[in-house]
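Hello,

Here is the structure for your set-up work. My notes follow below it.

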Amino acid sequence: MATARCSILTRRRLPLMTGIAACSLLLAACSGTAQQTAPPGDASAAASSTGPAAPGEVGTATQNPGAAPAATAGTITLEVGSATGAKEFHYDKTTITEPAGHKIKLKFVNHTDPKDEVGHNWVLVKAGQEAAVVASGQAAGDDKDWLNVDDPHIVAHTQLIEGNQSNTVTFTAAPGTYTYLCTFPGHYAAGEKGTLVIK
Ligand SMILES: [Cu+2]
């Protein structure tokens, strides 16, 4: 099908690149097949995306740890992103400091290319419990997206998301120093972590 369209165009002696581009346009215009090129696991995000440049939001979660302060003077909105490269393991913010007594609405964006199929999450843990949370995530396995959601050391977490997806978590945290990290195997050890200070 594609070959037929392209040969028609090239017989008209269009430059090669123009022919390819026009061919792609024709294919996209005459059928829905262009929609089916998303990698596995990304289909729902692609369908729910409101714009071509906006990462697909995969859901929201609200968590309130027991130690949360009662006062909520207002909601603080934050965004943290992953690195863009398939073999880069760090967040785009490594230290975040916020005042106590607020609800925090944090949007995590996986900035990798969906074709690379690199999953990341954002998991807030009590200081000193990083290795334990990573280990419990490993034990939970792929079926649980490498996260034991019942781990008592987890204060808040997003879902594990693929490239060009986002996930928002809303939580409150008592004053203190926390670590956020990715529990996908190997990522924390490679440097995908940061510090959140509530004071
Ligand atoms: Cu990761």
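**Copper site and sheet**

The copper ion has four protein donors: His-120 (ND1), Cys-182 (SG), His-187 (ND1) and Glu-192 (OE), 2.0 to 2.2 Å away. Donors here are N, O and S atoms within 2.8 Å of the metal (3.2 Å for Na, K and Ca); water is not among the atoms, so sites may look incomplete.

This is a predicted model: local features need pLDDT of at least 70, side-chain atom pairs count only at pLDDT 80 or more, and totals for chains, interfaces and linings use all residues. Residues are numbered from 1 along each chain as its sequence is written, and side-chain values use heavy atoms, without hydrogens or water.

The donor angles span 93 to 138 degrees, so the arrangement is irregular. Four donors count as tetrahedral if all angles lie between 85 and 135 degrees; four count as square planar and six as octahedral if opposite donors are over 155 degrees apart and all others between 65 and 115; anything else is irregular.

The donor spacing in sequence is H-x61-C-x4-H-x4-E. Cys-182 is buried at 0% relative accessible area. Glu-192 is also buried, at 0%. Buried means under 20% relative accessible area, exposed over 50%, partly exposed in between (1.4 Å probe, protein chains only).

Now the sheet. Five strands form an open sheet, in the order β3-β9-β8-β5-β6, with mixed pairing. Strands (E, at least two residues) are DSSP runs, numbered from the N terminus. Two strands pair if DSSP finds at least two bridges between them. The edge strands are β3 (95–98) and β6 (154–157). β3 and β9 run parallel, joined by four bridges. Thr-95 sits opposite Thr-195 in β9.

Best regards
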